[in-house]
Amino acid sequence: MQNLKELLFRLCGAPGVAGCETAAAEQAARELSPYARVETDALGNVAAHLGKPDAKEHILLDAHNDQIGLIITGVDKDGFLCMDRCGGVDRRVVPGAPVLVYGREVLTGIVSCMPPHLMEAGEKKLESVEKLRIDVGLSREEAEQLVSPGDRALLWSRPASLLGSRVTCAALDDRCGAAALIRCAELLQGAELNCQVTILLSAMEEIGGQGARVGAYAAQATRAIAVDVSFAHQPGVPKENTGVLGGGPMIGIAPILNREMARELTALAEKLDMPHTTEVMGGRTSTNSDELAVARGGVRTALVSIPLRYMHTAVEVIDLRDVEYTARLLAEYVKGVK
């Protein structure tokens with residue numbers, strides 16, 4: 001697990017707020033390049049190609065490489081940075097949070113918050129993100145020399161190992177999925193494959209799935225599997241349709257997903273004696289599988305999710321065993337394609 005953890009922390013350490021993903025894409029390409037030919041497109045997608053180039057079956061494996069964050073909208077008269085959300089940042093955890101601002105230099109800042117002593121009795125109003133400000137300790141003139149509208153910022157926390165095989169870090173959604181696909185590529189080394197395989201680490205999922213849409217159109221795959229995160233059980237979250245940390249991948253069932261592929265993945269997990277759960281959704285999955293399934297003339301698509309706690313915060317938590325399980329499940333699935 002140590003190598004997998006180091007891979008994951010390297011991926012999470014590269015900034016990649018949606019639409020500003022160069023560093024994350026370059027890191028992902030470096031990690032994939034030992035196992036396959038890698039290319040990057042104009043949108044920031046990283047794609048690796050394995051298997052038999054002329055095979056009739058072509059499997060697309062996707063995980064998104066972008067992360068939620070903040071976008072700078074200006075500098076106020078006192079030097080505080082104005083901002084808005086870039087992706088689904090949980091505004092409950094933003095006030096008082098440490099941030100890294102990626103301007104002409106990387107600046108450390110703190111999101112401003114009201115001291116509790118100055119709040120009215122009983123006041124619990126939660127300000128929207130665009131009304132908050134980032135304090136980088138500069139005057140207006142100094143800040144405008146280093147930061148421009150459109151620069152990105154990240155909620156920051158130090159990656160850490162927890163007990164057992166659990167880790168906490170920002171950007172685990174969905175760099176843990178990217179790590180699973182890179183590990184899958186490693187497991188496929190030397191295998192005789194009867195299909196083409198494209199591994200797509202896609203851009204812009206957090207703002208609409210544009211990267212997956214473009215990548216799937218270009219790949220022209222016959223089937224696809226999206227790898228993302230989903231909700232793990234924690235206090236206050238009902239156990240129905242949630243995963244368990246260390247309980248293996250969550251295999252999705254939804255109207256947009258191919259039921260036969262879900263059955264095949266479930267049967268394979270049982271054959272491998274691999275822990276797993278089923279996640280049933282009655283509408284959209286809110287993952288890239290929604291985009292992959294409708295590429296070109298339509299693609300048979302499945303969804304495999306890694307259980308995660310505290311989604312869209314800087315302290316997301318996963319179990320490394322689930323990343324390894326997911327990688328092995330996908331590798332065995334690809335090997336079994338005739």
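**Strand pairing and one buried leucine**

Let me start with Cys 169, whose bridge partner in S17 is Glu 316. What we are looking at is a predicted model, in which local features need pLDDT of at least 70 and side-chain atom pairs count only at pLDDT 80 or more, while totals for chains, interfaces and linings use all residues. Residues are numbered from 1 along each chain as its sequence is written, and side-chain values use heavy atoms, with hydrogens and water left out.

Strand S11 (residues 166–169) and strand S17 (residues 316–319) pair in the antiparallel sense over four bridges; strands here are DSSP runs of E of at least two residues, helices are runs of H or I of at least four, both numbered from the N terminus, and two strands pair if DSSP finds at least two bridges between them. S11 also pairs with strand S10 (residues 160–161), again antiparallel, over two bridges, and there Ala 160 stands opposite Thr 168. S10 and S11 form a hairpin with four residues between them, and Gly 164 in the turn has a positive phi of about 65°.

Turning to the barrel, six strands close in the order S4-S5-S8-S7-S6-S9, with antiparallel pairing. Within it, six bridges join S4 (residues 69–75) to S5 (residues 81–86), and Ile 72 has Met 83 in S5 as its bridge partner.

Finally, Leu 146 lies in helix H3 (residues 140–146). Is Leu 146 buried or exposed? Leu 146 has a relative accessible area of 19% and is therefore buried, a term that means under 20%, with exposed over 50% and partly exposed in between, using a 1.4 Å probe and protein chains only.
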